[in-house]
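Here is a short briefing on one chain. Look at the structure first, then read the points below.

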Amino acid sequence: MADKLKFEIIEELIVLSENAKGWRKELNRVSWNDAEPKYDIRTWSPDHEKMGKGITLSEEEFGVLLKELGNKKKP
């Protein structure tokens with residue numbers, strides 16, 4: 001049987017939205033399986049015990065995203 005996924009939310013950064021059941025889409029820094037923390041965007045249950053699908057970004061990838069978003073003209 002596969003080992004359970006291990007994670008630790010190192011830093012809670014931004015709550016992007018929340019649904020009627022209390023699940024929140026968040027930007028956090030998360031360490032997965034004791035690895036270096038990565039920037040992570042996904043939905044979380046109110047107790048942070050369950051999660052939805054998401055995306056993780058390295059420090060470098062997150063920097064590129066911020067830079068490119070800063071270069072975009074606002075609508």
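A residue counts as buried under 20% relative accessible area and as exposed over 50%, with partly exposed in between. Ile14 has a relative accessible area of 43%, so it is partly exposed. The model is predicted.

**Annotated domain**
- The unreviewed UniProt entry annotates residues 21-67 as "domain: Transcriptional coactivator p15 (PC4) C-terminal".

**Surface patch**
- Ile14 sits in strand E1, which spans residues 7-18.
- Together with Leu13 and Leu16, Ile14 forms a nonpolar patch on the surface.
- The accessible area of these three residues together is about 250 Å².

- Strands E3 (residues 38-44) and E4 (residues 51-57) run antiparallel.
- Five bridges join them.
- Asp40 has Thr56 in E4 as its bridge partner.
- Six residues lie between the two strands of the hairpin.

**Positive phi in the loops**
- Asp34 is a residue other than glycine, yet its phi is positive, near 65°.
- Asp34 belongs to the loop between strand E2 (24-32) and E3.
- Its relative accessibility is 60%, so Asp34 counts as exposed.
- His48, also other than glycine, has a positive phi near 60°.
- His48 lies in the loop between E3 and E4.
- Is His48 buried or exposed? At 15% relative accessibility it falls under the 20% cut-off, so His48 counts as buried.

Key. Residues are numbered from 1 along each chain as its sequence is written. This is a predicted model: local features need pLDDT of at least 70, side-chain atom pairs count only at pLDDT 80 or more; totals for chains, interfaces and linings use all residues. Side-chain values use heavy atoms; hydrogens and water are left out. UniProt positions are given in the numbering used here, feature names are shortened, and annotations may be inferred rather than shown by experiment. Patches are made of residues with over 30% relative accessible area and no salt bridge: like charges are joined within 9 Å, nonpolar side chains (Val, Leu, Ile, Met, Phe, Trp, Tyr) within 5 Å. Accessible areas come from the Shrake-Rupley method with a 1.4 Å probe; for residues, only the protein chains shown count as cover. A salt bridge is a side-chain nitrogen of Lys or Arg within 4 Å of a carboxyl oxygen of Asp or Glu. Helices (H or I, at least four residues) and strands (E, at least two) are DSSP runs, numbered from the N terminus. Buried means under 20% relative accessible area, exposed over 50%, partly exposed in between (1.4 Å probe, protein chains only). Two strands pair if DSSP finds at least two bridges between them.
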